[in-house]
Amino acid sequence: MKSFINVQDIGPLEKAMAEAFEIKNDRYKYQHLGKNKTLMMIFFNNSLRTRLSTQKAAMNLGMNVIVLDVNAGAWKLETERGVIMDGDKSEHLLEAIPVMGCYCDLIGVRSFAGLTDREYDYAETVLQQFIRYSGRPVFAMETATVHPLQAFADLITIKESWGLENTKRPKVVLTWAPHCRALPQAVPNSFAQWMNAAPDVDLVITHPKGYELDPQFVGNARVEYDQRKAFEGADFIYAKNWSNPGVTNPADYGKITCEDRSWTVDTEHMSWTNNGKFMHCLPVRRNLIVTDDVIESPNSLVIPEAANREISCSVVIKRMLEAL
């Protein structure tokens, strides 16, 4: 595996899931793979779970780890070609990337959407430069449009909670929720993509009209604009805000075009479900995305989700080390 961005990159999903549970039972089983190998983690944006879980996974696999915060201690990087660099950016990404590749064996990149230019964001311009110029295998630690490590961990969590031997298809609902800031679509995009790829999940997506995700991620999921109808009989509720994806109106891309607080997930919302479990990728704005009582309830899976980030990342790094 030379790069990891989308669910297709992981290969047969059932095999990857089996590998995840194998690693969870013995996190140090493949420690020999990373001996004398180095992972470089590059952050263009803030991180807590991604930073900690990825570093822990790499260490479990015997790797050395270098963490670079581009905005804290490094030269400011220019990402556009053809720019006259007479401003505050001292180094171009096209020189920085191959230099980074000299010092490591694998690269993880975290770079969010700018939310002003949809074409630029959805082309994954920054990530693709790392893939093209670093000379190293590259995996996404959340990008402009996807967060595959999170979605993989979410699927692991659903499988664990549902029961590995349970053959009934769970109803999984991805619901939009309000937020005070414009957020990217990376988490909902990947969640939809991975749930669609899972052969035994019934996925429903609910959001206000105008907030339609890109069809390449929605896939065969059912879209329901009535949140209550979507929640009825649900086994899992995955709440997440996203700014307007600009699918129905490109001029709205990255904007907040709905602030309806009735979409906040509270006890009444959860009462519509089949004793459903609550999920969120974290960090979460309490009493905006979800109320205190729901996120603190026994049916909240937010902590197991976070813990499983170590497992999903372990599988990805293991696959990349095996391909070196």
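## A tour of the sheet and the cavity

Start with the open sheet: 5 strands in the order 10-9-8-11-12, with parallel pairing. Keep in mind that this is a predicted model.

**Stop 1: the edges.** Select 222-224, which is strand 10, and 277-279, which is strand 12. Each stands at an edge and has a single partner strand, so one side of each is left without a neighbour in the sheet. Now look across the strands. From one strand to the next, the twist averages 25°.

**Stop 2: the helix on the sheet.** Select residues 186-197. This is helix 7, and it packs on the sheet.

**Stop 3: strands 9 and 10.** Select residues 202-206 to show strand 9. Strand 9 pairs with strand 10 in the parallel sense, over 3 bridges. Pick Thr206 next. Which residue in strand 10 is its bridge partner? It is Glu224.

**Stop 4: the cavity.** The structure holds 1 cavity of 30 Å³ or more. The volume of the largest cavity is about 40 Å³. To see its lining, select these residues:

- Trp176, His179, Arg181, Ala182 and Leu183, among the lining residues
- Tyr211, also in the lining
- Asn241, Trp242 and Ser243, also in the lining
- Ile256 and Cys258, which complete the lining

Colour the lining by class.

How values were computed:
Residues numbered from 1 in each chain as written. Predicted model: local features only at pLDDT ≥ 70, side-chain atom pairs only at ≥ 80, totals over all residues. Heavy atoms only, no water. Pairing = 2+ DSSP bridges. Helix = DSSP H or I, 4+ residues; strand = E, 2+ residues; numbered from the N terminus. Axes fitted to C-alpha atoms, helices over the stretch in contact; angles between N-to-C directions. Contact = heavy atoms within 4.5 Å. 1 Å grid on protein atoms, 1.4 Å probe; cavity = no way out; pocket = protein on both sides within 12 Å on 5 of 7 lines; lining within 4 Å. Points joined across faces, edges and corners; volume = space filled by probe spheres on them.
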